[in-house]
Amino acid sequence: MLLTSPRTRRRRVRIQVQETLKRIRAEREQLCSSSQLSCDENSTVNRNPKETLADTTDNLFVSLDLNNGNAVDIELQNNESELLHIDCTEVGNITRREELASWAVTHNIPHNALSSLLQLTRKWLPHEGFPKDPRTLLKTERLIEISLIEGGSFYHFGVSTQILKILRDVELINVRLPHLEVFQNQPNLITLKIGVDGLPISRSSNLQFWPLLGKLDQDPYSRVFIISIFYGTTKPQNLNSYLGSFVEEMMEIEKVGIVFNNITYSLRIRCIVADAPARSFIKRIKSHNGYYGCEKCYRRGTYKNSRIIYPVKAPGDEYSDQSFKERWYEAHHKDISTSPLESLSLGMISQIPLDYMHLCLLGTMKKLLLVWTEGKRPYKLSNGQQNLVSKRLKSYRVHIPQEFARKCRGMNELKHWKATELRLFLIYVGPVALRKILDQRRYEHFLCYHTAIYILSLDLGDKKEWINFAQCLIDKFVTQIPILYYKELLVYNMHSLTHLCADVKVHGSLDNFSAFEFENYMQTLKRMLRSKSCHLSQVVRRVGEAEALRLKETVSKNQKLISVSKPNNCYVDNDGRIIVLEKQLTETVFVANRFRTKCNMESYPCESHKLGIHVVSDLTETDSFEICKSQISKKCLLLPLSEKKYFCVPMCNY
Ligand SMILES: [Zn+2]
């Protein structure tokens, strides 16, 4: 013992502490599981395990260091006094420490920078008790159990811990749920939306993450959390190892529920959202570019010019949850082995819907734009026409409300357009940007697609006739593809559009089952990487740090603000008038002007006013009127058509 260096002794002490902590954690987990995953707010045993453990880490370090006082070097003795000091005064300083920790996590401050800042704060405010080590401040996990699975490494964060945090933090809201058999007779039902996708870490390597993300439908803040994550140079090679921990935990939860405050909640998956390759992977079915690649019907594709072309329309032959489970159509399945997801109460057809972000936007919409800009004649627009569209798009930038994070870019930057820009184009600006650019037949053809996706993006409730109308428009759009363009465009994406309405009938508007909600979190994961090694443990530690603060949010992301400044001041009121707010008199009273003239936008497949879409003009400026906040209904996007005429579209999710 005398021959070992202080560094080695410190390391041994830390290992001892970590082992003790591991044992305590295992005992607590055992305690929790024995009480059916229960979590009583008033029980100290079941409080947030991460916070309790982090606090214990500090205290245990102090007591062990004191016991080995003679063996530690000066630096460690400094740590001792610092930690002891914190122990005495922590109650008084908790807010400041938390504030600093919150700032560091929000702005993604690296530990070395935070360490320097802590040194300064300790010098300036010596009695405040700021810790010396940023890991103490951020409650960073010191011991991480990463497992190796085929193709890479893997970490499971867990589902029940995340759900319990939400239950502890917020009051759940009621949401409209699909009428699915698996949801029947479930007391206190709460539902999960799950996201699966690959995330390349850099352009210079094949390294990638495959996170499994979750969102509780009843969470008013719509926060996304991470359930597990795979890291490797390819996608996960073994589906059972990748989904095993999640499925095992969900099976247990489905059996016993989640108990919080003496209420037992039933937890079920509402839907799993993924792109086509990820869906074929998790369902163990043929790839989307195979002969039986369609996930919704038993229609065989045909090989033509290096691609698989699908039939235009698929009458009947749709798969059902039962036909999938009982393997009625073997050619659709990859092999005889089943997906681990089939062990759960989950409809493999109805609850793994098509994702419109990949299908309609990054798929079909981008393909059409590429045909117009890079395709062959006569489908390609001339340079002059392309420049005119780009000029229009750039001029719309000042008219795009704040809800759209990305404004319009020119067609010359099309390759870099993100899904949100394609959504803005398809649903809002496309009809104006392409007006008198595309020939009339192709313009009307585009408007069929635009109108269908606009309708499906609205919260229609039980108005099934509108979904049926959207189905007719999509069928017409796909049927005309080989007539107005060419047959090779009828690939998987185009064919799958004809199945989209079926998913809307189950899950509601497109955003209810799109990957958009998970996209931001994917980028957050990428930003968590600071150094070029140990990518997975970096992410696990950063997620842990953010989790310790996550539930302190107080502002709902869905909170809608009414504005009197352009371009955020155009609304529809409860009487259907299109108004522009000029100024605010009190918190709830505004002064508004209205457009006197409203007419239909030409070339739409139905009278556009039925969709709430108008061409408006004659804005009154002399007879302004007062209007209450409660009379304001939907926010609109207003684009100039000519000097005094505007194209007005109510925003789908407002
Ligand atoms: Zn099909």
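**Ground rules.** I number residues from 1 along each chain as its sequence is written. The model is predicted, so I ask for pLDDT of at least 70 for local features and count side-chain atom pairs only at pLDDT 80 or more, while totals for chains, interfaces and linings use all residues.

**Whole protein.** I find 18 helices and 17 strands (DSSP runs numbered from the N terminus: H or I of at least four residues, E of at least two). Of the 654 residues, 35% are buried (20 or more other C-beta atoms within 10 Å of the residue's own, with C-beta atoms placed from the backbone). For contacts (C-beta atoms within 7 Å) with a separation of 6 or more, 66% join residues 24 or more positions apart.

**Helix H16.** Which residues of H16 are buried? In this helix, residues 500-507, I list Leu500, Cys501, Asp503, Val504 and His507. They sit on the same side of H16 because they cover an arc of only 155° around the axis (taken from the directions from the helix axis to the C-beta atoms). Their packing partners are strand S8 (263-274) and helices H10 (356-374), H13 (440-457) and H14 (464-484). Just after H16, Gly508 has a positive phi of about 90°.

**H10 again.** I also looked up how H10 packs with H12 (residues 419-433): the angle is about 70° and the axes are 10 Å apart (lines fitted to C-alpha atoms over the stretch in contact, angles from 0 to 180 degrees between N-to-C directions). The two helices are therefore roughly perpendicular (65 to 115 degrees). Met357, Leu361, Leu362, Met365 and Lys366 of H10 meet Ala419, Leu422, Arg423, Phe425 and Leu426 of H12.

Methods. Buried ≥ 20, exposed ≤ 12 C-beta atoms within 10 Å, placed from the backbone. Contact = placed C-beta atoms within 7 Å. Parallel < 35°, antiparallel > 145°, perpendicular 65-115°, else oblique.
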